[in-house]
Amino acid sequence: MPIKIGILSILSVSLVACGDAATKTEDHSGHDTATVTTVNPDSTVSVSLKDASLNAVYQHYIHLKTALVNGDVVEAKKAAMAIEEGALQLTDGKAIAAEAAKVSATSDIETQRVAFSTISNLLIPKVKASGFNSGELYVEYCPMAFNDKGAQWISNEKEIRNPYFGDKMLTCGEIRETLK
């Protein structure tokens, strides 16, 4: 009997941990809103930025962040190509597009993560300047990223999902700022 209880406990812990996966919903109808939903029974996050072009880039940024959290180089490339295209529509978006091109040009996840850090640093002030129609975002920070130099990113959920370490240190980090 003790073995069965132990296995059931492990299984239930595994199922609880798996209920946290993020998904992305894209609006392909040309509307000005971005909707990102997390598959977590306790929360649904919907964010709409005022700048329609930035809103589109933001959707793909969240896709890129999730790909890096999951260590998925192929998905990171796809998201980066979309960011590159969308960033060219932004005022002063060429630097973001150039960094996104670095992500899509490599299969090395560490190189992708370095470029993601630069994209984050360029995108955060744009998101702040745009403002929100609805929802809120979080500027999160990992002090251990890049040999303890630290790095920040935007998240649509309070729970830390570290794109710089993925499953090696999934919850390493803290919320530095809430954007509304």
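A residue is called buried here when its relative accessible area is under 20%, exposed when that area is over 50%, and partly exposed in between, with a 1.4 Å probe and protein chains only. The model is a predicted one, in which local features need pLDDT of at least 70 and side-chain atom pairs count only at pLDDT 80 or more, while totals for chains, interfaces and linings use all residues. Residues are numbered from 1 along each chain as its sequence is written, and side-chain values use heavy atoms, with hydrogens and water left out.

Of the 18 residues of α2, 15 are buried. At its N-terminal end the helix is capped by D51, a side-chain oxygen of which lies 2.9 Å from the backbone nitrogen of S53, and α2 is followed by G71, whose phi is positive, near 70°.

Most residues other than glycine have a negative phi. In helix α6 (residues 145-148), however, F146 has a positive phi of about 55° although it is not a glycine, and N147, also placed in α6, has a positive phi of about 55° as well. F146 is partly exposed at 25% relative accessibility, whereas N147 is exposed at 76%.

The structure holds zero disulfides, a disulfide being a pair of cysteine sulfur atoms within 2.5 Å. The sulfur of C142 is 3.5 Å from the closest cysteine sulfur, in C172, and that is too far for a bond. C142 is buried, with a relative accessible area of 0%, and C172 is buried at 15%.

Seven salt bridges are found in the whole structure, each a side-chain nitrogen of Lys or Arg within 4 Å of a carboxyl oxygen of Asp or Glu. One of them joins K102 and E99 (2.9 Å, N to O), which are three residues apart in helix α4 (residues 94-104) and so separated by about one helical turn. K180 and E136 form another, with their closest N and O atoms 3.8 Å apart; K180 lies in the segment after β7 (174-179) and E136 in the loop between β4 (132-134) and β5 (137-142), so the pair ties together parts that are 44 residues apart in sequence. K180 is exposed at 68%, while E136 is partly exposed at 23%.

Terms used. Helix = DSSP H or I, 4+ residues; strand = E, 2+ residues; numbered from the N terminus. Polar contact = N/O pair within 3.5 Å; in protein donor to acceptor, adjacent residues only side chain to side chain.
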